[in-house]
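Let's take a walk through this model together.

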Amino acid sequence: MHHLVERMKQSDIRALARAITMLENDHPEKLDMLSDVFASKKHARYVGITGSPGAGKSSLVNRLISHIRHEGKTVAIIAVDPTSPFSGGALLGDRVRMNEHFTDDGVYIRSMATRGSLGGLARATKDAVRICDAYGFDVVIVETVGVGQSELDIMKIVDTTALVLTPNSGDVLQIFKAGIMEIADLFVINKADLDGVGKLKGLLKELVMMTSRDEQITPIIKTITTENKGIDKLWEKINAHHEYLYGTEAGQSRRKRQQTLEVYELIREEIWREVKAFAENKAVDINADDDPYRRAQEILNDWKQEGGG
Ligand SMILES: Nc1nc2c(ncn2[C@@H]2O[C@H](COP(=O)(O)OP(=O)(O)OP(=O)(O)O)[C@@H](O)[C@H]2O)c(=O)[nH]1
Ligand SMILES: [Mg+2]
């Protein structure tokens, strides 16, 4: 077994931090380590919190942490900011927001960044979630800003995704974008102390009615994090969704679909890793005005002939 996984089993929190750093750096030992991680998973609850900047995600997560800790469970938080290339950027604000939990051993807070692509970040986040699971956290929460494509990819990682919206922000328009309805398992109307809650709820209800495929109706939950209101309800709905995924046939087939897509994604990544070095060697003589289609075909053919494919 990989030495970092061994150390994590002994609750060595620095080993967990090192393992996540390995992902960020796309370390060559990564897959071996992750395979051991996968075998050591303990079935934590994976929760995603996403929404526009300033919607109150971190405040909500902070309240959720307290709620979960009250139940005697431990929780890890992965804060992902795809707009920032620097690890720690997201954490800076959250240090203030989640301050009270920083000295609690039952809480681990980490921000994620990668040197590579956004796709790489989604991949690394997914793997980090599993590492937190293998370490033994009962709940793993991923907080990510925005609802663009990269965030959607990140959210495919978790079992249950809550989309945080606020009244009169206009961000309800975002959920009409392709893919959002697909990933939102729960709608949270945060800042429910502000005007316009009824209107937003009405819009969401219509949307849910229009798009619900099976008997699973996407719940809409109102929260006021500044007053600690609605958090218990939110947690209850998160757990209910977990029951659906793991306790029903429809949930089971949904998880099967997700798992298959993940295998494809890993294959794509590994094949590219193999072809990349080869292609880069061949690519040195590509000229600015070359036909890119022809060059790509030539390189792929060479690769196949030399036993790669
Ligand atoms: N009125 C009101 N304000 C809230 C509520 N929840 C959060 N806020 C405020 O909204 C602001 C943004 O909160 P954050 O928790 O940092 O939001 P966020 O979504 O994590 O923000 P980013 O991480 O920057 O995208 C803060 O000033 C909060 O105090 C609420 O329920 N009602
Ligand atoms: Mg935040």
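A residue counts as buried when its relative accessible area is under 20%, as exposed when that area is over 50%, and as partly exposed in between. Arg-295 has a relative accessibility of 16%, so this residue counts as buried. Please keep in mind that the model is a predicted one.

Arg-295 belongs to helix α12, which spans residues 292-305. Leaving aside residues up to four places away in sequence, Arg-295 touches Lys-282, Asp-285, Ile-286, Asn-287 and Asp-290.

## The chain as a whole

The chain holds 12 helices and seven strands. It has 309 residues, and 46% of them count as buried. Among the contacts with a separation of 6 or more, residues 24 or more positions apart account for 74%.

## Helix α10 and its two partners

Helix α4 covers residues 57-70, and its axis comes within 10 Å of the axis of helix α10 (residues 231-247), crossing at roughly 75°. The angle is why α4 counts as roughly perpendicular to α10. On the α4 side, the contact is made by Leu-60, Arg-63, Leu-64, His-67 and Ile-68, while α10 brings in Ile-231, Asp-232, Leu-234 and Trp-235. By class, the residues of this contact of α4 with α10 are six nonpolar, one polar and two charged.

Helix α10 also packs against helix α11 (residues 249-282), at an angle of about 80° and with the axes 5 Å apart. Here again the angle makes α10 roughly perpendicular to α11. His-241, Tyr-244, Leu-245 and Tyr-246 of α10 meet Ala-250, Gly-251, Gln-252, Arg-254 and Arg-255 of α11. The residues of the contact of α10 with α11 divide into four nonpolar, three polar and two charged.

His-241 deserves a visit of its own. This residue of helix α10 has a relative accessible area of 4%, so His-241 is buried. Setting aside residues up to four places away in sequence, His-241 touches Asp-159, Thr-160, Asp-185, Gln-216 and Arg-254. His-241 and Thr-218 are 23 residues apart in sequence, and their C-alpha atoms are 9.4 Å apart in space.

## Thr-166, a residue in a loop

Where does Thr-166 lie? Its place is in the loop between β5 (160-165) and α8 (180-183). Is Thr-166 buried or exposed? With a relative accessible area of 11%, Thr-166 is buried. If residues up to four places away in sequence are not counted, Thr-166 touches Ala-55, Asp-171, Asn-190, Lys-191 and Leu-200. Thr-166 and Val-197 are 31 residues apart along the chain, and 8.0 Å separates their C-alpha atoms.

## Two positive phi angles

Most residues other than glycine have a negative phi. Asp-26, a residue other than glycine, has a positive phi near 50°. Asp-26 is found in the loop between α2 (13-24) and α3 (30-39). The relative accessible area of Asp-26 is 38%, so this residue is partly exposed.

His-43 is not a glycine either, and has a positive phi of about 65°. The loop between α3 and β1 (45-51) is where His-43 lies. His-43 counts as exposed because its relative accessibility is 65%.

## Accessibility side by side

The table collects the relative accessibility of the residues visited above.

| Residue | Relative accessibility | Class |
|---|---|---|
| His-241 | 4% | buried |
| Thr-166 | 11% | buried |
| Arg-295 | 16% | buried |
| Asp-26 | 38% | partly exposed |
| His-43 | 65% | exposed |

Conventions:
Residues are numbered from 1 along each chain as its sequence is written. Chains are lettered from A and ligands numbered from 1 in the order in which they are written. This is a predicted model: local features need pLDDT of at least 70, side-chain atom pairs count only at pLDDT 80 or more; totals for chains, interfaces and linings use all residues. Side-chain values use heavy atoms; hydrogens and water are left out. Axes are lines fitted to C-alpha atoms, for helices over the stretch in contact, and angles run from 0 to 180 degrees between N-to-C directions. Helices (H or I, at least four residues) and strands (E, at least two) are DSSP runs, numbered from the N terminus. Angles under 35 degrees count as roughly parallel, over 145 as roughly antiparallel, 65 to 115 as roughly perpendicular and the rest as oblique. Contact means heavy atoms within 4.5 Å. Ala, Val, Leu, Ile, Met, Phe, Trp, Tyr, Cys and Pro count as nonpolar, Asp, Glu, Lys and Arg as charged, and the others, Gly among them, as polar. Buried means under 20% relative accessible area, exposed over 50%, partly exposed in between (1.4 Å probe, protein chains only).
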